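User: Here is a structure I would like to go through. Please take the questions one at a time.

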Amino acid sequence: MQLEFFGAAGEVTGSCHILRVAGRQLLLDCGMIQGGADAPARNRLPFPFAAAAIDAVALSHAHIDHCGRLPLLVKRGFRGPIYTNAACADLVPILLRDSASLAMRDAERAEHTEPLYDLDDVEATLKQVQAVPYDTQRELLPGVTVRMREAGHILGSSSIEAWVTEAGIRRKLVFSGDLGQYDTPILQDPWQFESADLVLMESTYGNRRHRGREDTERELGGILADAARDGGNVIVPAFAIGRSQELLYLLAKHYAEWHVARWRIFLDSPMAIAASRVYWAHPDRFDEEATRLRAGFRGMPPLPNLTLAGTPDESRAINNLRSGALIIAGSGMANGGRVLHHLKHNLERPECHVVIVGFQAPGTLGRQLVDRQPEVRIHGQRIRCLARIHTLGGLSAHGDQADLLRWYDNFAGHPPVYLVHGELPSSEALAEKLREHGAVATVARPGLKIDLADSSVMARD
Ligand SMILES: [Zn+2]
């Protein structure tokens, strides 16, 4: 029995690990590599395993850096089941269809290059998705039983417990998936595990502390007050899934207090609109506050001034508004999508505000904004950045160092931990902290193999 790391080891995107037990192979996620000029080429490389030889996939959540190469896996011969929870299974089609459209557009632009995958590959992939309920053990392969637990990251995000058995040896692994912050709006907190022989853990913000949740909400209210005074627009590049719904939720929650009525709010993203509908269709995953507030929601959050801009014409119409518009649009890292048009129209105007609410990978426009570049390029055009840029770290979908340590500290007996899904400085900083907490912590690197039968790498009794 063996665990091998392929992707999201030493970096944040491209999550993919493989569990080999009793002659079978289970893939944990199969994500897209994102950000950086070489990402498209790296995504096209052959997998370091035979796709057809994979028996099943366990998918932690619907973000494209976790599920984005599943259609490629299918295109290259994978025919097995893709197991995930029901909410994730409802979100995956939205993300993968969008991903295929982007791939097809990219290929057209590059001429002659075959797209990474197309819509047919996605439809074939979706047929292989099987929903398994949260909190229930399920034998996925002989010798591999898993249970999905809440990860509190986006709707339908899970940490995966896996019990593996081979030749009389039994081990329990916990794969964190992406972990949310405690007290994230709408969602329940990450599940508190008590035991594991080995832990695989994300480390996106392993070297950072977010602002507290209440401070963050207050800060957002303050930004909106400043922006109203300055008289421009507010642009929020937001991931279609997660931050968009959270923002709408906060605007609804603080509707009176923040004078939200004075804004015209636009959710300018067909994907975010579709994802919002999935969110509101899974109230069983809500936390107590959201469950309470939902009583008055009747579907979407009660925002009378919210416009769902589905069509390109509805999106273009927003460009005519010079003030009073609060625009939530994708992509979340501003490396494509409708938000580029809004940034082009508003970045050069000092009275406008841009609010960055999520992680921005190196090489993306969002990262350039966070780094306060005086000038950026959008659609080949040079744009000066005169608008005020705010980085609202506290709204991140990822827990910070304190959250990650809190999650780990629930385990009894300091199980050994392998860190994935983080840039090296972040993973190394978290590893250092975990060692202070008594763990044997290792930053995983692509190609690293762990022999799970070897008791010296496992938790000591
Ligand atoms: Zn994620």
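**Sheets, helices and a metal site**

User: In strand 8, which residue is the bridge partner of Leu-141?

Analyst: This is a predicted model, with residues numbered from 1 along each chain as its sequence is written. Local features need pLDDT of at least 70 and side-chain atom pairs pLDDT 80 or more, while totals for chains, interfaces and linings use all residues; side-chain values use heavy atoms, without hydrogens or water. Strand 7 and strand 8 (residues 144-150) run antiparallel and are joined by three bridges; strands are DSSP runs of E with at least two residues, helices are runs of H or I with at least four, and both are numbered from the N terminus. In strand 8, Leu-141 has as its bridge partner Val-144.

User: Why is the arrangement around the zinc ion irregular?

Analyst: The protein donors are His-61 (NE2), His-63 (ND1), His-153 (NE2) and Asp-178 (OD), lying 2.1 to 2.3 Å from the zinc ion; donors are N, O and S atoms within 2.8 Å of the metal (3.2 Å for Na, K and Ca), and sites may look incomplete because water is not among the atoms. Four donors count as tetrahedral if all angles lie between 85 and 135 degrees; four count as square planar and six as octahedral if opposite donors are over 155 degrees apart and all others between 65 and 115, and anything else is irregular. The arrangement is irregular because the four donor atoms subtend angles of 88 to 167°.

User: What spacing do the zinc donors follow along the chain?

Analyst: His-153 sits in the loop between strand 8 and strand 9, and Asp-178, 25 residues apart from it, in the loop between strand 10 and strand 11. Along the chain, the donors follow the spacing H-x1-H-x89-H-x24-D.

User: Are helix 6 and helix 7 roughly parallel or roughly perpendicular to each other?

Analyst: The axes of helix 6 (residues 213-230) and helix 7 (residues 243-253) come within 12 Å and cross at roughly 80°. Angles under 35 degrees count as roughly parallel, over 145 as roughly antiparallel, 65 to 115 as roughly perpendicular and the rest as oblique. Helix 6 and helix 7 are therefore roughly perpendicular.

User: How many nonpolar residues are in the contact of helix 4 with helix 8?

Analyst: Helix 4 (residues 86-110) and helix 8 (residues 270-280) pack at about 170° with their axes 10 Å apart, and are therefore roughly antiparallel. Residues in the contact include Leu-91 and Ile-94 of helix 4 and Met-271 and Val-278 of helix 8. Ala, Val, Leu, Ile, Met, Phe, Trp, Tyr, Cys and Pro count as nonpolar, Asp, Glu, Lys and Arg as charged, and the others, Gly among them, as polar. There are two charged, no polar, and, as nonpolar residues, eight.

Terms used:
Axes fitted to C-alpha atoms, helices over the stretch in contact; angles between N-to-C directions. Pairing = 2+ DSSP bridges. Contact = heavy atoms within 4.5 Å.
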